[in-house]
Amino acid sequence: MTQTPPVADAPIQHGAGQPLPWEPVLMTAVGREGGRFLPDYLLRGGYQGLTKAVQEMDPDSVIKEISDSKLLGRGGAGFPTGVKWGGTKRNPGPRHLVVNADESEPGTYGNRYAIDADPHGLLEGMLVCCFAVGIQQAYIYIRGENLYGAEVLEHAIKEAYAAGYIGKNILGKEGFNVDISVTRGAGAYVCGEETALMESLEGRRAQPRIRPPFPIEVGGGLFGRPTVVNNVETLMCVPHILVRGAAWFASIGAPACPGPKLYTISGHVNRPGVYELPMGTTLYDLIYKYAGGMKRNQKVKAVSPGALACQLLPGTDLNVQMDTATLTRPPHWHPPFGPVGFGAGGIIVYGEETDIVQVVARAAGFFARESCGKCVPCREGTHWMQDVLSRIAHGHGRPRDLGILEDVTRNIGGRKTLCALGDFSVNSVASALRLFRPEFEAYCNGHARSSAAGSGVPVAAG
Amino acid sequence: MSLSQAARDRIVNDFIPRYPSKRAALMPSLWLAQEEAGWLGPEVFEEVGELLDLHPTDVASVASFYVMFHRRKIGDRLIEVCENPSCFLNGSDQTYARICDQLGLDSGHGGHGVQTTPDGKFSVRPTECLAACDYAPVVQVDLRFYGPVHGADVDAFLANMEAFSIEGKPSVSMANGPQAVPVDGWEAHAPPAPGSAE
Ligand SMILES: Cc1cc2nc3c(=O)[nH]c(=O)nc-3n(C[C@H](O)[C@H](O)[C@H](O)COP(=O)(O)O)c2cc1C
Ligand code: SF4
Ligand code: FES
C-alpha cells in the first residue's frame, strides 16, 4: 500500500463521495435526547449491522467483510482487525472477546466519550465479533476511574438483555448465545496492555505475559483460551462496516488505514476535544482548522501525536498526516528507538510557552510509577530517568546528567522489554533530547527557565 | 466480620458465576469490599480469600498492585487532581496547591501519596490522566469527574462541586453536536500551511 506524501496544496481526500464538512459516523448520538439509550439507538439504525450479519451473512463472510474494510485496531498497535478475528477463529473454542476500555494513556480520551455517547454501538460491535468468531462470553474491562462509563455500560447491557440482543438464541438464531459483563480495573496504566489486562481480569497483578503464546492462541488468551482483544473504537466501527459496506469504509481517508477516527486534542489549543474526522487528517488542520488554533496565539513548539507514549514531533512538522501508517515509518522513524508512533490518536499540543524539560520530567514520573516491575530495564531504567529528570527540573542538574539520560534511554528502548511500556517510557525523553537539547543544557548549567507562563509550574532556580 | 452478608451474597451469586475461574471474581469483590468499608484491611483479605479459595496474602498482593485500592483508612472524601501534561499545561499545579492550602495540607510535599486532613474529612492526592483532558485541569472526587478547575476556581469548587461536574457531558468540541466544523475565519489566525513536511 503506498501513500502519497502530504503536500501543502493537495489537502487530503475526505473519502470518495464524502460530503464536506465531514459527516460523523461514530458519534452521531451526541446531542440527541436519550442518545445513549436503546430506543434512540434503534431510531438511529441500531442493531441493523448485527441483524444483517445474523440473517443475511455467515460468520466467515462477516470476517471477510471486516478484512476487506481494512479496519486497523484503534488501540495503538494498529493490527488488522479481520486478521485478528480470523486467527482467533482458527483456534479451538471456547473463545473469548475482551474489550479494552482501559484508556489511560495521558492525552487519550476518545473511548470515554464514545462509551458515554453510544454504549449500544460498542455492544453491537461486540455481538458481531462474537457471531463471527464463535464466542459466547465477552468481557469489557474498563479503567477503575471511569465509574460513570461502567454505569452507562451496565445500564445498556441490561437494556440489551431485556430486548434479546444479548442472551440466548439472539435474534432468533438457534445457538447464538452471548453473555457480556463489565469488569472494573483499579488504577494501573499497564492494564491497557492486552496481556496485563487479561491477568487483571483473571484476578492477578497486572503484569504482562511472555509471548508466544499470543492471545489468539490456546494458552495465550483469557483463561488460557483463544481471545480477541479489541479497543472500544475498533468495535464501534464494525456495525457501520456491515451496514454500509467494506468499500465505503475503505474509501474514507488514508488508504492504508482508512475509516473515521476519534482524534482527541488537548494542551495549548483553544478548542480541545474529540474530533471525528477521516483517518489521515493533517495535524495542521486538526490544530488550526478544527481546534481553533493556539492559546494566546503562540506558535506550536512540539506535539505528542500519539499521546505521552510516542515521540515528540517538532512544531515545524505540522503537515504530517495523522494515521498509523504515516507515523510508523520513515521519515517518522528514529533509530534506535523506532517510530514516532500514532498510538490511539491522542494529540497533545505544546505551545512555545511550554517548558519542555518540565513536561518530560512529568512523563518520566508517570512511566516510573506505572512500570509493572517485571522487566529489569523498565523497572530500574524508568526510575533512573525519573530521578535524573527530576533533579534537572528542580535546577540541580549537572552537565554529565544528559549523557546518563541518553545511556539509560538506550538501555531501555528498542524492544528490550516484555511489553511496549518500556519503549513508551523513553520516547518522549529521547525525542526531547534530540529536538530541544539546549533547553536541557541550560538547566544543567544553572539557567533554568523561570516559571513559563501557561505551563503553570514554578521552577526552582538552580 | 467486615464484609456484610449482602456483599457475600453478591460475590457468590453475581460475581463468581460471571467468570470460568473463581479467582477472576477478585477485582469486583475488592471493589465491593472497599465500597463498604472505605478501605481494604487484613480482615477483608481473609474473608474475600475464603470466598474465592485464595490465600489472604495472595489477595493482599493483588490489591497492593492497584493504586485505587486503599490499604489504609483515608478521608471521607477523596480528591484527586490530575497532574499529567494536558492538565499541567493548563495549570493543574495551581489547582492542586490551592486545594491543599484550603484544606490545610502541604502542597509542596512532592510525593504521590495521599494526605488526609486531621479531622478525617478529606484526602487529597495527585493522579494520572483521567481521560478528560479537554476539561483540563481535571479533578476527580470519589470517582466523579469535574473540570475545568483552575486555581482561581478552587474556592468555588470546594463550596459547590456539582457546578463543575462533567459527567455525561459531551466533549468540549461537541457542545453543538458531533460534527467537526472548521472554526469560522480560522485561516486569518493560522500561520501559513507548512510546505511539504519532509
Ligand atoms: C502500556 C500499554 C498500554 C496500552 N493501553 C491501551 C489502552 O488503554 N486501550 C487499548 O485499546 N489498547 C491499549 N494498548 C494496546 C493493546 O495492547 C492492544 O494492542 C489493543 O487493545 C488491541 O486492540 P485493537 O486491535 O482493537 O487496537 C496498550 C498497549 C501498551 C503496551
Ligand atoms: S516493559 Fe515495564 S511495564 Fe512492560 S512488562 Fe516490562 S516492566 Fe512491566
Ligand atoms: S491530562 Fe489530565 S485528564 Fe488527561
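**Close-up views of chains A and B in a predicted model**

**View 1. A salt bridge joins R369(A) and E128(B).** In this predicted model, the two side chains meet at 2.6 Å, N to O; a salt bridge is a side-chain nitrogen of Lys or Arg within 4 Å of a carboxyl oxygen of Asp or Glu. Between chain B and chain A, 4 salt bridges are counted.

**View 2. Chain B and chain A bury about 6,500 Å² between them.** Buried area is the accessible area (1.4 Å probe) that two parts lose on being put together, summed over both. Carbon and sulfur atoms give 60% of this area. In chain B, F65(B), F88(B) and L89(B) lose the most area to chain A, together 11% of what that side buries. The contact (heavy atoms within 4.5 Å) takes 91 residues from chain A and 68 residues from chain B.

**View 3. Five strands of chain A form an open sheet.** Strands (E, at least two residues) are DSSP runs, numbered from the N terminus, and two of them pair if DSSP finds at least two bridges between them. The order is 6-5-11-7-8, with mixed pairing. Strand 6 (273-278) and strand 8 (313-314) are the edge strands, each pairing on one side only.

**View 4. Strand 5 (residues 260-267) of chain A pairs with strand 6 of chain A in the antiparallel sense.** The pairing runs over 6 bridges. Within it, T264(A) stands opposite V274(A) of strand 6.

**Notes.** Residues are numbered from 1 along each chain as its sequence is written, and chains are lettered from A and ligands numbered from 1 in the order in which they are written. Local features need pLDDT of at least 70, side-chain atom pairs count only at pLDDT 80 or more, and totals for chains, interfaces and linings use all residues, while side-chain values use heavy atoms, leaving out hydrogens and water.

Note on methods. Helices (H or I, at least four residues) and strands (E, at least two) are DSSP runs, numbered from the N terminus.
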